[in-house]
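Subject: Structure handover and findings

Dear colleague,

Please find below the structure that I am handing over to you. A summary of the findings follows it.

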Amino acid sequence: MKQHLWINGEKVESTNYYQLKSPYSEELLADVATATEENVKAAILAAENAFSTWRETPAFQRAEILENLVSLLKEQREECAKIIAQEAAKPLKTARAEVDRTIMTYLFAAQEARRIHGETIPLDAAPGGENRVTYTVREPIGVIAAITPFNFPMNLVAHKVGPALAAGNTVVLKPASQTPLSAYKIAELLHEAGLPKGVLNVVTGSGRVVGDVLMKDDRVKMITFTGSPEVGKHIRENAGLKRVTLELGSNSALIIDENTDIDAIIPRVVTGAFSFQGQVCISIQRIYVHQSLFEKFVDAFTRETAKLKIGDPLDETTDLSAMISLGDVDRAKSWIEDAVGNGATLAYGNETDKGVLKPTILLNVPSTEKISCQEVFAPVVHVNTFNDFSEALEKVNDSEYGLQAGVYTSNLQRAFQAVKQLHVGGVMINDIPTFRVDHMPYGGVKLSGMGREGIKYAIEEMTEIKLVSFKL
Ligand code: NAP
């Protein structure tokens, strides 16, 4: 199959195509278009031309198109899940969950499209402000460039395309090179749902080439990026005065305080650590467990992890499959070996089979090890201990990242202490950090990024406030 670009509501051929292969089976999935600079510029032009009409399209019509997309996604749930499973090696049951979340995200976008509003401001609160009727309106920003990662190829596209369209913006979307098919699928479905030509354009190819054109072009008013901190920083430094939101990585931590019911939390901890091979931005990477529970926790955690079924992502029973690339397997392996060389204990895993890295549990890892202080983005977790709760909070905060943190504790005082002291975008009390529903404000501090997603919050980022004042 040849996957062409999607520009101005049409499939557009490119001069070059790359081979997209399944990370698990290495089967050829498609020849995917590599956009040239001219292709990207054509996509920006199409988005710019479509903007003047789309911004004037009434909210109820924008909402209806998004609702039509929701219906189409429900009908084609299985096909969409299969696309994700193949291109990302995401186990089918996890891929289905992603499609279900994508449906929710577009549903929220349709709902939010109907309630974008400003506020009335009592200007007479200041001397000189008397005798005026003053209010704000939220206006779309224009052409938005959306750059997305491989790990939630459908739902993270939805988190950008959904709010952008709801607010009356037009979009040039650059999906990750390993996961373009789910993005093209959305473009086709949106077209079928009634989206006018040029409102959404999809261009694939080298992140650097496409990204550079998007960053340099003045017609692009905003870049919304989800991906690694390295690329995020590069975008921030080169985007000039464009608005930028960055949803970046993390090395998320979980605290397990004394008196926690270990048996009750274990299945959830295993899910948070190893879902989609740990390639989730809020995957549990660091676990700090109270000294008194260490042995019990490690024993139960290891036993439950050993039950995970490893294999073909298209197999209904698979829990864990190949990582996104062999290079990432090698990187994770070398970090594990460094940690073990520097005093950590290997409790489970560290075996590979082609693209698969078996879930791996390390104990007592020095905080200076890459496997602890950098984002591993692999099925590797480490368990360290603490004696004093404040010490556990300090360990969580001892990170360049700050996306979300989880704290299991039955002590209310400590729960509020954690809420106050943890420097992250979201604190989950009595849950793992790997928690997200799609309308909550989501985003990080420090190297984990800037700005928030979660439809309503993304719409705030993707609109401009205009003040209107009538002098009476
Ligand atoms: P990545 O390598 O940074 O790639 C993300 C996107 O950026 C891809 O579309 C990539 O294109 C593109 N890109 C690469 N170089 C670029 C450049 N110079 N200019 C502009 N765009 C460029 O990240 P990934 O490996 O796909 O995803 C994993 C990362 O995403 C992890 O760090 C994870 O934590 C983070 N993430 C964060 C969140 C969140 O909400 N905070 C959610 C999910 C993932 P190519 O594929 O063509 O290189």
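Helices (H or I, at least four residues) and strands (E, at least two) are taken here as DSSP runs and are numbered from the N terminus. The model is a predicted one, in which local features need pLDDT of at least 70 and side-chain atom pairs count only at pLDDT 80 or more, while totals for chains, interfaces and linings use all residues. Residues are numbered from 1 along each chain as its sequence is written, and side-chain values use heavy atoms, with hydrogens and water left out.

Overall architecture

The protein contains 15 helices and 24 strands. Its radius of gyration, taken over C-alpha atoms, is 23 Å; the globule rule (2.2 Å times the number of residues to the power 0.38) also gives 23 Å for 472 residues, so the protein is as compact as a globular protein of that length. The C-alpha trace spans about 70 × 65 × 40 Å along the principal axes. Of the 472 residues, 57% are buried, where buried means under 20% relative accessible area, exposed over 50% and partly exposed in between (1.4 Å probe, protein chains only). With contact defined as heavy atoms within 4.5 Å, 72% of the contacts between residues at least 6 apart in sequence join residues at least 24 apart.

The expected span of a helix is 1.5 Å times one less than its number of residues. For the twelve residues of helix 5 (residues 155-166) this gives 16 Å, and the end C-alpha atoms are 16 Å apart, which agrees. Twelve of the twelve residues of helix 5 are buried, so the helix is largely enclosed by the rest of the structure; among them are His159, Lys160 and Pro163. Gly168 follows helix 5 and has a positive phi, near 95 degrees.

Helix 6 (residues 181-192) also has twelve residues and should span 16 Å; its end C-alpha atoms are 17 Å apart, which agrees. Nine of its twelve residues are buried, so helix 6 is largely enclosed by the rest of the structure. These buried residues include Tyr184, Lys185 and Leu190. Just after helix 6, Gly194 adopts a positive phi of about 110 degrees.

His234

His234 belongs to helix 8 (residues 229-238). This histidine is partly exposed, at a relative accessible area of 35%. Apart from neighbours within four places in sequence, His234 is in contact with Asp212 and Met215. His234 and Ile265 are 31 residues apart in sequence, and their C-alpha atoms are 39 Å apart in space.

Yours sincerely
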